[in-house]
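Hello,

Here is the structure I promised to pass on to you. Have a look at it first, and then read on for some notes on its aromatic rings.

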Amino acid sequence: MCGIVAYVGHREAYPVILKGLKRLEYRGYDSAGIALNDSKLSVYKKQGKVARLEESLVGVELKATIGIGHTRWATHGEPSDRNAHPHLSASGRLAMIHNGIIENYASLKLELEKKGYAFKSDTDTEVLLNFIDDILIRNQCSLEEAVRIALKRVVGAYVIVLMDEEDPSTLIAARKGSPLVIGVGENEHFLASDASPIIEYTKQVVYVNDYELAIIKGNELILKNLGNEIVTPFVQQLDLELAAIEKGGYDHFMLKEIFEQPKTIFDCLRGRLDIANQDIIMSGVQHYMEELKTANRIIIIACGTSWHAGLVAEYIIEELCRIPVEVEYASEFRYRNPIVNKGDVLFAISQSGETADTLVAIERAKEQGAIIFGILNVVGSSIARISHAGAYTHAGPEIGVASTKAFTAQLVVLAMIALKIAKEKKSISNARFMHLMHELNAVPEKVKEILASTEKIKAVASKHAAASSFLFLGRGYNFPIALEGALKLKEISYIHAEGYPAAEMKHGPIALVDENLPVLFVATKDAYHEKVVSNMQEINARKGKLIAVVTAGDHSVLSLTGDLIEVPEADEVIAPILNVVPLQLLSYYIGVERGLDVDRPRNLAKSVTVE
Ligand code: F6R
């Protein structure tokens, strides 16, 4: 969602901010803007892409060495030039960018209107800005003080960055609930929603915590809490290379990330899967092993694709560890007064570690005494910082909006956690444990084999790219993969798609089947295979367009008519990690065939930082 970038130092701010905004495009946005402070505030903003803003500024002299920039994902007010950030305060003295939502903006607005304030936009941001402006002018105080007073009245989530025309060497920033990273350079500082706009300048970063306020000059960074006490910044070294956030010769980030999976899965297993010593090394899991082994229940919360990973984990953990598992949408969990008992462990799964609903759901469960275990991709993210323990997925930065490599890495981590608990609990035999260890170890090579059949999958995609609707079916471990296949297709191609358990087909969805409907089965060999093959026959009998992901060499599917995509044989516990890969490719190529921007699908945001 909204992306923020700011710079103060010795360089011209405009090129740094513009490039930073381009790096943040993947987060999803509908308008972009920049403000510079050359002892006079200049604001430039446009609805649409960053490139449109850039074009509008060709030939304009932009020399300031301090500035703020923003990509907006509309919440309050339609996407328009007027609603784009940065906003200027009524006095004209302040410019501000904001990521998040000010929930009590309506009452603050009323208060300001009574004082004679008029608003140029429909945004909650302009309300907060004028609230700060009002305090600044009435109290004759410093901007830092005005921000502190204002934030004590604010309900909601925010990162804000402000510039004051009367102090053209200082940025003031504050955070609650939305991410903010500060890059520390030589007499310069970079601010951004994530590290991607920063890494080409410096790898020294400070992650600002909730309720902290930063006063930033070129050569000075002061962090304070809202009680005006100084906080020592914790400077960390980023473990990230520029190449990881560039396309590296691929047409799209999504394709690059799909093809990276043999490596990302290998990285995820590396140092953890200790076949020689018949062990899985995961210190976070080990530390809480007693609680995990004896857990009454594991509650998994997540959103979207991460929720699908949670569903696969439900099958795996219940099967291997014999611990009851409940999988919840974080957005539902947070509002429904959930029952969390002593002895419950909560797993939060999130690629970004910033999803607002997941963050709040964790806080709710924590208040009730649950142990929070984070399965996360982004190191140092907000969820990482509020979890008791966890495991990183090590998939590297995921830039394509549709999650691909992060999903398979989540499945690998969850399988390893389940195996480790099962071994300690002795709920599976050593032979089964070792078999699954070997199966996991073989995944990177098997994914490579699937990727080698990309041309075939591309041809299937081309054949079905004009469809207006799709049905995805699967059973057992493959049911969540059917859901994930449907979600990927919706996101990337805008084709309506539904995922269902295959056995539910007869309870309604079969009515949709005619000669125009592609029906995709995830039908690799498992305990239910014969039943799924019967379901496929039923689709053939009704002339639906059958597509099936099947196990290589499976003779039982040879009599079927349709497009069969083969994947290497794998144990049913591990098969979901493989089976999703052809579905990712299928969605990707259908999206490309339909001429869509697969890396930045309409309306979507990579990191959903508002509820
Ligand atoms: C789908 C997708 C989303 C995310 C969801 C949760 O391709 O990317 O459905 O999975 O927004 O995001 P994280 O995992 O960052 O919490």
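A residue here is called buried when its relative accessible area is under 20%, exposed when that area is over 50%, and partly exposed in between. Please keep in mind that this is a predicted model.

With that in hand, Tyr201 counts as partly exposed, because its relative accessibility is 22%. Phe190, at 2% relative accessibility, counts as buried.

Now to the rings themselves. Searching the whole structure turns up eight aromatic pairs. One of them joins Tyr7 and Phe190: the ring centres are 5.0 Å apart and the planes meet at 55 degrees, so this pair is tilted. Since Tyr7 belongs to strand S1 (residues 3-8) and Phe190 to strand S10 (residues 189-192), the pair ties together parts that are 183 residues apart in sequence. Tyr7 and Phe190 are both buried.

Phe190 also pairs with Tyr201. Here the centres lie 4.7 Å apart with the planes at 10 degrees, so the pair is stacked. This pair links distant parts of the chain too, with Phe190 in strand S10 and Tyr201, 11 residues apart from it, in the loop between S10 and strand S11 (204-207). Together, Tyr7, Phe190 and Tyr201 make up one aromatic cluster.

Which residue lies over the face of Tyr494? That is Arg602, at 3.8 Å from the ring centre.

Enjoy exploring it!

Best wishes

Terms used:
Residues are numbered from 1 along each chain as its sequence is written. This is a predicted model: local features need pLDDT of at least 70, side-chain atom pairs count only at pLDDT 80 or more; totals for chains, interfaces and linings use all residues. Side-chain values use heavy atoms; hydrogens and water are left out. Rings of Phe, Tyr and Trp (its six-membered ring) pair if their centres lie within 6.5 Å; planes under 30 degrees apart count as stacked, over 60 as edge-to-face and the rest as tilted. Helices (H or I, at least four residues) and strands (E, at least two) are DSSP runs, numbered from the N terminus. Buried means under 20% relative accessible area, exposed over 50%, partly exposed in between (1.4 Å probe, protein chains only). A charge sits over a ring if NZ of Lys or CZ of Arg is within 6 Å of the ring centre and within 35 degrees of the ring normal.
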